[in-house]
Amino acid sequence: MTQKGEINSELLKFIRSMKKGTTFTTQEFNAERGYNASELSHILSALVEQRIICKLSKGLYMKPTDEQKKRRCQLSPEELFHDFLWDEKKNPIGYLTGDCYLRSIGVFVESNEKKITIGVPVKRGNVTRNGVTCLFVHQKEPINTKTIEMLQILDVLKRINEMRNPVLASSVYEKLRGLVMLMPPVKVDRLVKLSLGYNRMTKALVGTIIEKTHGMPFAAPILISMNSSTRSFVNISPKCIPNASGWNIICADGYEVRND
């Protein structure tokens with residue numbers, strides 16, 4: 001057998017042993033085998049052409065699922081960066097945040113489709129794959145199936161002043177309030193506890209929502225944690241937050257918006 005045939009055979013065995021939807025690097029395959037890098041690159045390219053594997057970036061490949069094969073390996077941003085969202089056992093290790101999350105809950109936002117934001121437990125630099133750049137947000141709170149929904153809400157509230165349009169910011173605030181309203185008490189308690197790790201403005205906004213949806217007894221731990229003399233300026237219409245004064249929030253009308 002020629003070296004090319006040997007590399008091809010070993011690669012196919014390696015790929016067959018993987019679960020669909022998982023990624024691998026050329027280094028993982030070649031670390032113990034030591035094949036010629038140029039020959040290996042050519043064979044990998046041929047397997048990409050045959051859609052046996054998908055190329056994510058230089059030296060990084062994925063064994064596609066049947067659905068991804070049908071789409072000719074045209075991967076969504078979430079699929080391109082799935083290894084930052086799930087581990088090999090499908091446990092969450094990161095979560096979609098920012099505009100991607102807003103779109104997932106039905107909020108239309110004009111955004112760059114070539115960018116995606118993911119919350120992760122460690123600080124990372126930006127990563128680009130197939131022309132799509134992933135921006136990472138360092139999340140200090142635990143990331144798991146019980147916390148992700150709350151962290152997504154908290155991240156949006158933390159950055160709501162980045163929405164320079166008060167109409168959009170107000171719409172997002174009301175959408176999040178609707179989601180919290182549907183939460184059972186156990187989830188609301190979890191949201192409250194997680195909010196304590198965020199800045200004052202975020203905590204205040206969560207407090208205004210929970211006071212209205214579940215009552216002050218649920219929101220009280222947030223109020224107790226805050227400095228009562230500090231004000232938070234938010235780019236949201238005062239009509240959306242009738243209890244703003246109780247949380248020392250100054251709404252958009254007539255004020256210059258500042259990040260807290």
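Helices (H or I, at least four residues) and strands (E, at least two) are taken here as DSSP runs, numbered from the N terminus. The model is predicted, and local features need pLDDT of at least 70, side-chain atom pairs count only at pLDDT 80 or more, while totals for chains, interfaces and linings use all residues. Residues are numbered from 1 along each chain as its sequence is written, and side-chain values use heavy atoms, with hydrogens and water left out.

We can start with the overall form. The chain contains 11 helices and nine strands. Its radius of gyration is 23 Å, well over the 18 Å that the globule rule gives for 260 residues, so the chain is more spread out than a compact globule. For this comparison, the radius is taken over C-alpha atoms, and the rule is 2.2 Å times the number of residues to the power 0.38. Along the principal axes, the C-alpha atoms fill a box of roughly 80 × 35 × 30 Å. Of the 260 residues, 45% count as buried (under 20% relative accessible area, with exposed over 50% and partly exposed in between; 1.4 Å probe, protein chains only). The chain exposes about 14000 Å², and carbon and sulfur atoms supply 50% of that area; accessible areas come from the Shrake-Rupley method with a 1.4 Å probe, and for residues only the protein chains shown count as cover. Among contacts (heavy atoms within 4.5 Å) with a separation of 6 or more, 58% are between residues 24 or more positions apart.

Three strands form an open sheet in the order 1-3-2, with antiparallel pairing; two strands pair if DSSP finds at least two bridges between them. Strand 1 and strand 2 (54-57) stand at the edges, each with a single partner strand, so one side of each is left without a neighbour in the sheet. On average, neighbouring strands of this sheet are turned by 35° against each other, direction ignored; the axes are lines fitted to C-alpha atoms, for helices over the stretch in contact, and angles run from 0 to 180 degrees between N-to-C directions. Strand 1 and strand 3 are joined in the antiparallel sense over three bridges, and T23 stands opposite M62 in strand 3.

The aromatic residues bring these elements together. Five aromatic pairs are present in the structure; rings of Phe, Tyr and Trp (its six-membered ring) pair if their centres lie within 6.5 Å, and planes under 30 degrees apart count as stacked, over 60 as edge-to-face and the rest as tilted. The ring centres of F14 and F24 are 5.4 Å apart and the planes stand at 75°, so this pair is edge-to-face. It links distant parts of the chain, with F14 in helix 1 (residues 3-16) and F24 in strand 1 (residues 23-25), 10 residues apart. Both F14 and F24 are buried. F24 also meets Y61, with ring centres 5.7 Å apart and planes at 25°, so that pair is stacked. Here the link runs from F24 in strand 1 to Y61 in strand 3 (residues 60-62), 37 residues apart. Y61 is buried, like F24. One aromatic cluster is formed by F14, F24, F29, Y35 and Y61.

R72 lies in the loop between helix 4 (66-70) and helix 5 (77-80), and C73 is found in the loop between helix 4 and helix 5. R72 counts as exposed at 53% relative accessibility, whereas C73 is buried, with a relative accessible area of 14%.
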